[in-house]
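Biologist: Could you walk me through this model, starting with how some of its helices pack?

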Amino acid sequence: MKGFGKYWGWIVFAVLIAGWLTFDFGPVALIVLSGVSAFYFFFNVPVWCGAEGRSSSCRNNSYGALMGCHLRQHKWQKLKMLFWSARWARLRQELFQNATTTLASVGGILAITSGIAATLQPLFGGGW
């Protein structure tokens with residue numbers, strides 16, 4: 001995608017935040033917006049790859065905080081780190097290595113937290 005189209009997830013995230021602040025959306029809408037935002041931040045936002053290389057971190061462009069660049073070895077490196085607890089420290093370093101990746105990671109974490117909160121909200125007697 002060219003230009004502004006590759007940043008569509010930020011608009012969805014802004015609508016999600018507005019929905020929480022104004023209480024205009026129901027839990028289902030918040031869950032859907034949270035899921036779309038989490039997908040965008042973890043698998044679609046434009047960031048540097050950051051995969052572990054021989055001498056330093058990879059600086060190729062990639063899509064998503066959990067995905068690698070066009071190199072086959074990098075493509076699933078971060079995503080696989082989620083499943084090995086011994087690699088969580090390295091994953092944390094890669095997800096928070098610079099401002100862009102940190103924003104994407106924090107946005108994804110907030111979107112997942114929002115989805116969980118929207119799911120649990122009706123159980124605790126919310127005002128919707």
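Biologist: How are helix 1 and helix 6 oriented to each other?

Modeller: Helix 1 and helix 6 are oblique to each other, a word for angles that are not under 35 degrees (roughly parallel), over 145 (roughly antiparallel) or 65 to 115 (roughly perpendicular). Helix 1 (residues 8–22) and helix 6 (residues 99–120) pack at about 40 degrees, with their axes 11 Å apart. Please keep in mind that this is a predicted model, where local features need pLDDT of at least 70, side-chain atom pairs count only at pLDDT 80 or more, and totals for chains, interfaces and linings use all residues. Residues are numbered from 1 along each chain as its sequence is written, and side-chain values use heavy atoms, with hydrogens and water left out.

Biologist: Which residues of helix 1 meet helix 6?

Modeller: Trp10, Phe13, Leu16 and Trp20 of helix 1 are in contact (heavy atoms within 4.5 Å) with residues of helix 6 that include Leu103, Gly107 and Leu110.

Biologist: And at roughly what angle do helix 1 and helix 2 cross?

Modeller: The axes of helix 1 and helix 2 (residues 27–43) cross at roughly 145 degrees and come within 9 Å.

Biologist: New topic: where is asparagine 60 found?

Modeller: Asparagine 60 lies in the loop between strand 1 (46–48) and strand 2 (61–63).

Biologist: What does asparagine 60 touch?

Modeller: Leaving out residues up to four places away in sequence, asparagine 60 touches Val47, Trp48, Cys49, Cys69, His70 and Leu71.

Definitions and conventions. Axes fitted to C-alpha atoms, helices over the stretch in contact; angles between N-to-C directions. Helix = DSSP H or I, 4+ residues; strand = E, 2+ residues; numbered from the N terminus.
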